[in-house]
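Please have the sequence and the model open as I speak.

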Amino acid sequence: MMTTTLSPEQSSGVNEKLIQTASRRSLLKSLTEPLSLLGALVVLIVIFSILNPRFASLENLQNLLNQASLPLIIGIGATFVILIGSIDLSVEGVMAATGVTFVLMSANSRGGADLGIWAWLVPLALGVVLGLASGLLYTKARIPSFLVTLGMWFVGLGIATVLYGTDAYPELSNDALTVWAATITAGLPNVFWVALILMIIAALALRYTRFGRATLAIGNNEDIARSSGMPVTKHKIVIFIIAGALSGLAGILAVMQMGGTSNNIGDGYLFITIPAVVIGGTALSGGKGGMLRTLLGIMLLMVLKNGLILAGVSPNFEDMVSGAILVVAIIAVAWSQRGRLRIEK
Amino acid sequence: MSLRKKLTLAVSTVAIAGLAGLAGCTSTAGDAGATAPLKKEDLVFVCSVINTTNPYFAANIEGCEVLGEKLGIPVEIVDAEGSSQVEISKIQAILAKGKKAVVFVNTVASSDAPVIVDSVKQAGGFVTIWWNKPDELNPADIGNNFVAFQKHSGIDSGKCTMNELGKAVGPDAGIIALPGVQDSTTSQTRVAGLKEELATNWPGIELLDTRYSNWDPQLAYQNSKDLIAKYGDQIKGVWTADDGMQIGAMQAFNEAGLLDKVKFVSDGLYPPTIDSILAGEGNNAIVGETFHRGYMASAIGLYTAYLAAIGEINPSELPAEKRDSMFAISCVTPANMEEFLKWDDDVAGWVDTLIANGPWDTAPVPLVAGGPEKIDPKYAQ
């Protein structure tokens, strides 16, 4: 077999060309991935609007955004965690713990004192503590994040169950809290404004701050990040704290939406959020992805669920149809990246 | 029902049938499963509920505890945490402690019943199952240790609430329905009652949409928001399979500014529902409910099993309707609600009456029919 040996100059030139080509491809991919997801979303919106004109009404748009709000807030934390190559499964437990804490510390139908600002601060602090515990166990005890946060899910649920006790379902006595959650400001639900502002802050932080760049660097190659002097452990712990705090906030807002809670207020949110983040294009292996993708992933799932109902698909077939459309949409979106995806075992 | 559950059910049913057959081969005819009466001091009450936060299940626990106190028997609570696996393993752990168990189980899923019944039988205990079991699992086929299966009629519940909704919204309105979990027999029978009542007495009312909401207020809230977006003010009435989901649905209609234009009916008469009716919330939005109580179900179930354990009754000699039983359910409206709330003010007094009258003849929930409850295919979901 014939071999060709390149001189150092030739080799350097080839490397330079390869890097430039790879860089161009990478830039192209980073632009085309969200665009193709946006395209899939637009196609779904057009189809559902044709099937039922009410789908495109302002009322339904507000409904969709209202339902997307909590997954978006949780999705911010989930995206940060996944970007460092970890996973946070504690979402529903943290929401339950903070939701029950919030309602019991507010004026509620069970009686008891309204603790004012503490009714907000204590549950948020609880979310932070649960996130901190996950982060410490993950980084210091070197237990996989999957296992740590699975455990923390049940710790959160346990806290909620103990706090809830066996008394009657507690409802918020202060209607203003429930009314605020449902109020439309400048055309959008208040809860969605909260989600949108947090999403913008997170996107800017990820793109333009050292914190964001460090997150991506750790996800790309933790060893290199560590050897370059980055405080990897501290950074990971902070990310789990952020995720815990955001799940905690979602628990409080869920209670405000419902006007009360039991300890299952977080049920179902984990399995909306994690798939949405991944469908958006954030790699489970870490280092690639972003907030815009999470936004698109969550909207894709929300549009699908809402659209199928408005299109009149029988509930008996809804899961099957939803899954089939999702698979087609993901294949369409990911087709151009199939080479890269192939290496993700 | 998932494939796994179906397989578990099939294997368990075959295993139990096999054991029952073996027992039949080694005993004299007629006394299969019969055991000597147990001493009261050897007994422990086991009270298994799906979770401890739902008001109905919390009331189940209350009924067990009050009965235990009255009879001087310790009570062990099993919180299944919504999981069949947790439920079964906790019950088996208590059975392994050695005391003879008298068991009430509000099963998480129908398919749990054969496994639980088998475990209790092997341990020499006595069990009554409430609400969910497979139709083919018949107490009389298993023996005395499976004392009874008991429930309230879901079909009667659905018919009762739909009738009240029809009266409130008129003969030509559009309504939506939010059932519980799709493979729950309780939910299925309530939906069948709703459909039968619609077809029989309210043919002009259109059931616009049905969305399973899994007994979950949050999901009922989201489904209601989607259906409001789809049908808008075409929706004049909302039928939910339990009050927890009604809370979520009412919240969604309240946010849409429609609460005072829509009527609601449901099953359970939970405390928040009572408060809402008393306050006349949303222009008296709630127009119909059913009355049956968790503490009544658990006390009836546990007391039936207790009587079998101490030899007061011989299950094999009971008529079929006392082995597979349906107890009365009452239709409640805002107008007659007060007469039912008196029972909640004196649970201990009601349990005293139960002990005096026996499990099949205590108002307001006497035995009314035998099971199993059959759904007419015309009204299946």
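This is a predicted model: local features need pLDDT of at least 70, side-chain atom pairs count only at pLDDT 80 or more; totals for chains, interfaces and linings use all residues.

Let me start with Gly289(A), which lies in the loop between helix H11 (270–280) and H12 of chain A; helices here are DSSP runs of H or I with at least four residues, strands are runs of E with at least two, and both are numbered from the N terminus. Residues are numbered from 1 along each chain as its sequence is written, and chains are lettered from A and ligands numbered from 1 in the order in which they are written.

Is Gly289(A) buried or exposed? With 25 other C-beta atoms within 10 Å, Gly289(A) is buried, a residue being buried if 20 or more other C-beta atoms, placed from the backbone, lie within 10 Å of its own, exposed if 12 or fewer, and partly exposed in between. Leaving aside residues up to four places away in sequence, Gly289(A) touches Thr79(A), Ile82(A), Leu83(A), Gly281(A), Thr282(A) and Ala283(A), where contact requires C-beta atoms, placed from the backbone, within 7 Å. Thr79(A) is 210 residues away along the chain, and its C-alpha atom is separated from that of Gly289(A) by 7.9 Å.

That brings us to helix packing in chain A. Helix H2 (residues 58–83) and helix H10 (residues 232–258) of chain A pack at an angle of about 170°, with their axes 8 Å apart; the axes are lines fitted to C-alpha atoms, for helices over the stretch in contact, and angles run from 0 to 180 degrees between N-to-C directions. This angle makes H2(A) roughly antiparallel to H10(A), the word we use for angles over 145 degrees, as against roughly parallel under 35, roughly perpendicular from 65 to 115 and oblique for the rest. By class, the contact of H2(A) with H10(A) has 16 nonpolar, two polar and no charged residues; Ala, Val, Leu, Ile, Met, Phe, Trp, Tyr, Cys and Pro count as nonpolar, Asp, Glu, Lys and Arg as charged, and the others, Gly among them, as polar.

In helix H8 (residues 210–220) of chain A, the buried residues include Ala214(A) and Ile218(A), and the cover over the buried residues of H8(A) includes H2 and H10 of chain A.

Turning to the partner chain, the contact takes 27 residues from chain A and 26 residues from chain B. H2(A) gives the most to the side of chain A that touches chain B, with five residues, and that side has ten nonpolar, 13 polar and four charged residues.

The largest nonpolar core has 133 residues, and those with the most contacts inside it are Leu300(A), Ile175(B) and Ala249(B); such a core is a set of buried Ala, Val, Leu, Ile, Met, Phe, Trp, Tyr and Cys residues joined through C-beta atoms within 7 Å. H10(A) gives the most to this core, with 16 residues.

Finally, in chain B, 13 of the 15 residues of H8(B) are buried, so this helix is largely enclosed by the rest of the structure, and just after H8(B), Gly232(B) takes a positive phi of about 55°.

Note on methods:
Two residues are in contact if their C-beta atoms, placed from the backbone, lie within 7 Å.
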